[in-house]
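Visitor: I'm new to this. Could you walk me through the charged pairs here?

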Amino acid sequence: GLYNRRFFEAELRREVERSRRFGHDVSLVMLDLDHFKAYNDRFGHRAGDEALRRVAECILAATHRRLDAIVRYGGEEFALLLPETDLEGARRVAERFREAVEICSDFRSALTVSAGVASLRGEGCDAEDLVLQSDRALYEAKRAGRNRVAVATV
C-alpha cells in the first residue's frame with residue numbers, strides 16, 4: 001500500500017519546484033527499522049517481510065493527510081514526503097510514526113524505528129539536499145541510541 005521509489009523521486013522533484021515557486025516548506029522524514037538484520041537473522045526473511053508490511057500498515061494508520069507521500073525507500077527504510085509542512089510539524093509527524101511502530105505488538109519481537117527529519121523552503125530548496133539532510137539526521141538518531149527522532153541542523 002505504499003508508493004515506490006520512482007514515484008517518490010518524481011513527487012519530490014514536483015514538491016521542491018512548488019516550494020521554489022510558492023515559497024512554502026517541504027519536509028522529508030527518513031525512517032529506518034532498528035536492528036532489522038538481527039530480526040531477519042533470528043526469525044527468517046519471511047517474518048522480516050511480514051514485519052515490513054506491518055510497519056507500513058502502522059505508518060499508514062498514523063497518517064492524517066492524503067497529500068503526504070509514504071514510500072518504501074529501500075530495504076528497511078521508508079521515506080515520508082510532507083508538502084507544506086515546516087520542520088516542527090515534520091518532527092511531530094515523525095514522532096507519531098515512531099510511536100505507532102513502537103506500540104505495535106504484531107511482531108515476533110519488539111521493533112522500533114529511528115527517524116531523521118529535514119525541511120527546506122523557497123529558492124534554496126533542493127531535492128538532493130533535502131534527502132541528504134534527512135539521511136544525516138537519521139544516522140544521528142541511530143548514533144544517539146535508536147528509537148528516536150533527530151532533526152537536521154543547517
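Visitor: Which helix do Arg-143 and Glu-140 both lie in?

Guide: First, a heads-up: this is a predicted model, where local features need pLDDT of at least 70, side-chain atom pairs count only at pLDDT 80 or more, and totals for chains, interfaces and linings use all residues. Residues are numbered from 1 along each chain as its sequence is written, and side-chain values use heavy atoms, leaving out hydrogens and water. Arg-143 and Glu-140 sit 3 residues apart, about one turn of the helix, and both belong to helix 5 (helices are DSSP runs of H or I, at least four residues, and strands are runs of E, at least two, numbered from the N terminus).

Visitor: How many salt bridges are there?

Guide: A salt bridge is a side-chain nitrogen of Lys or Arg within 4 Å of a carboxyl oxygen of Asp or Glu. Arg-143 and Glu-140 make one, with their closest N and O atoms 3.3 Å apart. By this rule the count is 19.

Visitor: Is Asp-34, a partner of Lys-142, buried or exposed?

Guide: Buried means under 20% relative accessible area, exposed over 50%, and partly exposed in between (1.4 Å probe, protein chains only). Lys-142 has 11%, so it is buried. Asp-34 has a relative accessible area of 3%, so the answer is buried.

Visitor: How far apart in sequence are the parts that Lys-142 and Asp-34 tie together?

Guide: The closest N and O atoms of their salt bridge are 2.8 Å apart. Lys-142 is in helix 5, while Asp-34 is in the loop between strand 1 and helix 2 (36–43), so the pair ties together parts separated in sequence by 108 residues.
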